[in-house]
Amino acid sequence: MSHDHPSLAKKGLIPWLTSWVFTTNHKDIGTLYMVFSLLMLFVGGSLALAIRAKLFQPGMNFINPDFYNQLVTTHGLIMIFGVIMPAFVGLANWMIPMMVGAPDMALPRLNNWSFWLLPFAFTLLISTYFVSGSGPNFGWTMYAPLSSQFGPPSTDFVIVAIHMMGISSVLGAINIIATILNLRAPGMTLMKMPLFVWSWLITAFLLIGAMPILAGVVTMVLFDRHFGTTFFNAAGGGDPVMFQHLFWFFGHPEVYIMILPAFGIVSEIIPTFSRKKLFGHHSMVIAMASIAFLSYIVWGHHMFTSGMALGTQLYFMYVTMLIAIPTGVKVFNWVTTMFRGALTFETPMLFALSFVVLFTIGGFSGLMLAIVPADYQYQDTYFVVAHFHYVLVTGAMFAILAAVYYWIPKWTGHYYNETLGQAHFWLSVVAVNVTFFPMHFLGLAGMPRRVADYALQYTTFNMVATIGAFAFGFAQLIFLYNVIATMRKKGKKADARVWEGSHGLEWTLSSPPPYHSFTEPPQLA
């Protein structure tokens with residue numbers, strides 16, 4: 001927490017609130033992002049638990065199918081744009097200036113505005129539950145014509161909310177690029193930058209490339225709905241499959257936007273708790289850049305069943321498989337870093353190790369989905385649900401949890417409660433596998449996704465998955481308590497180095513940061 005904010009008791013409510021609302025301090029804004037992400041985690045997680053409660057047994061009709069579809073739509077949008085992305089941006093705000101030796105982000109006021117767009121965007125999104133008629137009931141992918149011709153009135157709210165989220169992301173990305181390229185300490189060349197900074201430099205370029213595509217396609221939906229255009233209406237000469245091409249041209253880089261910062265985090269944590277330098281720093285940077293490039297040319301693997309020519313299918317199949325190579329390089333480098341290291345297993349390391357193992361499971365099921373004839377069988381089944389939850393829950397979310405445990409002593413000056421951290425980890429890792437692993441079998445047996453009921457033979461695995469989901473949800477309350485207790489200085493005071501690593505931690509700079517002031521002209525020596 002920044003020391004610019006005296007406590008509420010000392011300062012009074014209004015000055016205390018305004019100091020947070022108008023802050024341009026990168027640490028405060030990072031904290032705001034993280035707190036917002038935590039709040040949205042419990043909102044989006046509650047929707048997930050409602051979905052799982054409905055699927056506990058077939059024929060449970062306390063949620064009607066239309067409302068079930070609304071839960072699926074808003075759960076997806078909140079978790080992607082309200083939990084994972086703001087958490088990563090919050091971590092970037094906190095750590096990047098400290099890692100590169102900058103006094104703050106390059107554009108502090110823009111930084112403040114980037115954050116404050118988000119609460120309004122998500123208020124708008126959640127308000128769709130209270131709009132007359134149905135809420136958005138077409139899935140987070142918003143496929144036309146479900147959204148364009150048949151979408152309920154609340155669809156317009158969702159489109160405006162997505163625009164606001166997109167503006168926030170693009171402005172944040174511009175700020176991160178400007179900070180990394182312009183405010184590095186003297187002597188810190190690009191290849192000397194920590195991998196977390198590299199992961200965000202690459203992610204920021206992905207964001208600037210991908211988010212305007214999403215803005216464009218939802219604007220086309222808006223025009224189809226209200227201004228008489230027929231972009232996605234075949235009766236007027238449009239093509240609903242074009243929506244899928246545009247959406248997934250955004251959607252696939254978006255998946256990597258949500259995992260590249262996780263690669264950066266794990267690349268910071270594993271060397272620290274292995275007491276070794278990271279194996280293959282340069283190859284890790286090249287692997288991340290390769291993944292980012294390839295992410296733009298594989299969007300069609302989401303569309304194998306949409307009537308694609310055989311040659312096009314083959315191209316997308318082979319290029320998708322190619323992504324496994326740089327990803328495999330990263331896994332190999334993490335494992336090699338740990339080989340013969342003096343490992344200890346504090347909570348951040350446990351989450352990082354589970355990330356490596358469980359994200360790899362998600363990667364393998366992704367390779368299975370890349371095979372065209374196999375994808376015909378897996379398409380729109382629970383196998384796909386299992387795949388992307390392994391990537392995004394045990395991948396992105398576990399990396400975020402690892403990062404919070406790793407850096408919170410630096411942020412607060414106090415250690416978290418290690419016993420509670422370990423309890424949180426073991427409950428989470430068991431519950432998350434109990435939840436999502438059975439979904440592979442449900443998908444292989446043919447259970448379709450996004451359907452509010454199911455045949456009797458799928459009951460047992462659904463009951464197991466629901467029990468796991470509730471256990472996972474309640475395990476996060478331990479995390480919430482631990483974070484609040486640490487912020488209130490309940491834990492042991494942190495040392496200067498925090499985690500004793502032999503590789504020189506990222507906040508230890510070889511030279512002081514360059515002089516920089518946002519209010520005065522530069523002082524010449």
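Which backbone nitrogen does a side-chain oxygen of Asn-25 reach at the start of H3? That is taken up in point 2, after a word on the ground rules.

1. **Ground rules.** This is a predicted model, in which local features need pLDDT of at least 70 and side-chain atom pairs count only at pLDDT 80 or more, while totals for chains, interfaces and linings use all residues. Residues are numbered from 1 along each chain as its sequence is written, and side-chain values use heavy atoms, with hydrogens and water left out.

2. **The start of H3.** Helices here are DSSP runs of H or I with at least four residues, numbered from the N terminus. At the start of H3, the backbone nitrogen of Lys-27 is the one in question: a side-chain oxygen of Asn-25 comes to within 2.7 Å of that atom.

3. **Two helix lengths to check.** The expected span of a helix is 1.5 Å times one less than its number of residues. Helix H3 (residues 26-54) has 29 residues and should span 42 Å, and its end C-alpha atoms, 42 Å apart, agree with that. After H17 comes Lys-489, with a positive phi near 65 degrees.

4. As a reminder, side chains of opposite charge can pair when their charged atoms come close. With a salt bridge taken as a side-chain nitrogen of Lys or Arg within 4 Å of a carboxyl oxygen of Asp or Glu, the structure holds 2 of them. In one, Arg-225 and Asp-156 meet at 2.9 Å, N to O. Arg-225 lies in helix H7 (residues 195-226) and Asp-156 in helix H6 (residues 155-182), so the pair ties together parts that are 69 residues apart in sequence.

5. **Salt bridge between loops.** Arg-449 and Asp-380 also form a salt bridge, at 3.6 Å, N to O. This pair links distant parts of the chain, 69 residues apart: Arg-449 is in the loop between helix H16 (418-444) and H17, and Asp-380 is in the loop between helix H14 (372-378) and helix H15 (382-412). Arg-449 counts as buried at 15% relative accessibility, whereas Asp-380, at 39%, counts as partly exposed.

6. **Aromatic pairs.** Rings of Phe, Tyr and Trp (its six-membered ring) pair if their centres lie within 6.5 Å; planes under 30 degrees apart count as stacked, over 60 as edge-to-face and the rest as tilted. By this rule there are 40 aromatic pairs. For Phe-263 and Phe-355, the ring centres are 6.2 Å apart and the planes stand at 80 degrees, so the pair is edge-to-face. Phe-263 lies in helix H9 (residues 260-274) and Phe-355 in helix H13 (residues 347-370), so the pair ties together parts 92 residues apart in sequence. Phe-263 and Phe-355 are both buried. Tyr-406 and Trp-407 make a tilted pair, 5.4 Å centre to centre with 50 degrees between the planes. Tyr-406 is buried at 0% relative accessibility, and Trp-407 is buried at 0% as well.

7. **An aromatic cluster.** One cluster takes in several aromatic residues, among them Phe-81, Trp-140, Tyr-143, Phe-231 and Trp-248.

8. **Backbone details worth a look.** The peptide bond from Ala-144 to Pro-145 is cis, with omega near 5 degrees, and Pro-145 sits in the loop between helix H5 (108-126) and H6. Arg-340 is not a glycine, yet has a positive phi of about 60 degrees. Arg-340 lies in the loop between helix H12 (324-338) and H13 and, at 77% relative accessibility, counts as exposed. Arg-450, also other than glycine, has a positive phi near 60 degrees. The loop between H16 and H17 holds Arg-450, which is partly exposed with a relative accessible area of 30%.

9. Phe-223, in helix H7, is partly exposed, with a relative accessible area of 35%. Phe-223 and Gly-251 are 28 residues apart in sequence and 21 Å apart in space, C-alpha to C-alpha.

Terms used:
Helices (H or I, at least four residues) and strands (E, at least two) are DSSP runs, numbered from the N terminus. A polar contact is a pair of N or O atoms within 3.5 Å; within protein, one must be able to donate a hydrogen and the other to accept it, and residues adjacent in sequence count only if both atoms are side-chain atoms. Buried means under 20% relative accessible area, exposed over 50%, partly exposed in between (1.4 Å probe, protein chains only).
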